[in-house]
Amino acid sequence: MKIAVDWDRCEANAVCAGLVPELFEVDDNDFLQVDTETPVPAEHLAGVQQAVRACPKAALSLVDD
């Protein structure tokens, strides 16, 4: 599974970064930084699923790789 971001919806609220800081980061310019090309490591999958559910703008999803 890979992380997908709807960049038109993302407001960089940092909810995801608070839940999985190993994979999500909001930079100094208030932009979300996340690797959408690499599969989510198994040890972070549950956290990413929680981040997808918690995103206030529904901008995150998981897609098959």
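Residue A51 touches C16, L19, F24 and L60, residues up to four places away in sequence being left out; here contact means heavy atoms within 4.5 Å. A51 is found in helix α2 and is buried, with a relative accessible area of 1%. Buried stands for under 20% relative accessible area, exposed for over 50%, and partly exposed for what lies in between, with a 1.4 Å probe and protein chains only. In sequence A51 and V15 are 36 residues apart, while their C-alpha atoms are 7.0 Å apart in space.

The model is predicted, and local features need pLDDT of at least 70, side-chain atom pairs count only at pLDDT 80 or more, and totals for chains, interfaces and linings use all residues. Residues are numbered from 1 along each chain as its sequence is written, and side-chain values use heavy atoms, with hydrogens and water left out.

The protein chain holds two helices and four strands, arranged from the N terminus in the order β-α-β-β-α-β. Helices (H or I, at least four residues) and strands (E, at least two) are DSSP runs, numbered from the N terminus. The radius of gyration of the protein chain is 11 Å, close to the 11 Å that the globule rule gives for 65 residues, so the chain is as compact as a globular protein of that length. This radius is taken over C-alpha atoms, and the rule is 2.2 Å times the number of residues to the power 0.38. The C-alpha trace spans about 30 × 20 × 20 Å along its principal axes. Among contacts with a separation of 6 or more, 62% are accounted for by residues 24 or more positions apart.

Of the 65 residues, 26% count as buried. The accessible surface of the protein chain is about 4,200 Å², and 46% of it belongs to carbon and sulfur atoms; the areas come from the Shrake-Rupley method with a 1.4 Å probe, and for residues only the protein chains shown count as cover. The chain has 4 positive and 13 negative charges, whose mean positions are 10 Å apart. Lys and Arg count as positive and Asp and Glu as negative, with His and the chain ends not counted; each charge is placed at NZ of Lys, CZ of Arg, CG of Asp or CD of Glu.

In soluble globular proteins, nonpolar side chains tend to be buried together. The largest nonpolar core has 14 residues, and I3, F24, L32 and L60 have the most contacts inside it. Two or more residues of this core come from each of β1 (2-5), α1 (15-19), β3 (32-34) and α2 (45-54). Such a core is a set of buried Ala, Val, Leu, Ile, Met, Phe, Trp, Tyr and Cys residues joined through side-chain atoms within 4.5 Å. Neighbours within four places in sequence aside, L32 is in contact with V5, W7, C10, A12, C16, F24, E25, V26 and L60.

The loop between β1 and α1 contains A12 and A14. Phi of A12 is near 55 degrees, a positive value in a residue other than glycine, and A14 has a positive phi of about 75 degrees. A12 is buried at 12% relative accessible area, whereas A14 is partly exposed at 30%.

H44 lies in the loop between β3 and α2 and counts as buried at 17% relative accessibility. Beyond residues up to four places away in sequence, H44 touches V20, E22 and L23. C55 is in the loop between α2 and β4 (60-63) and counts as buried at 17% relative accessibility. The C-alpha atoms of C55 and E25 are separated by 14 Å, with the two residues 30 apart along the chain.
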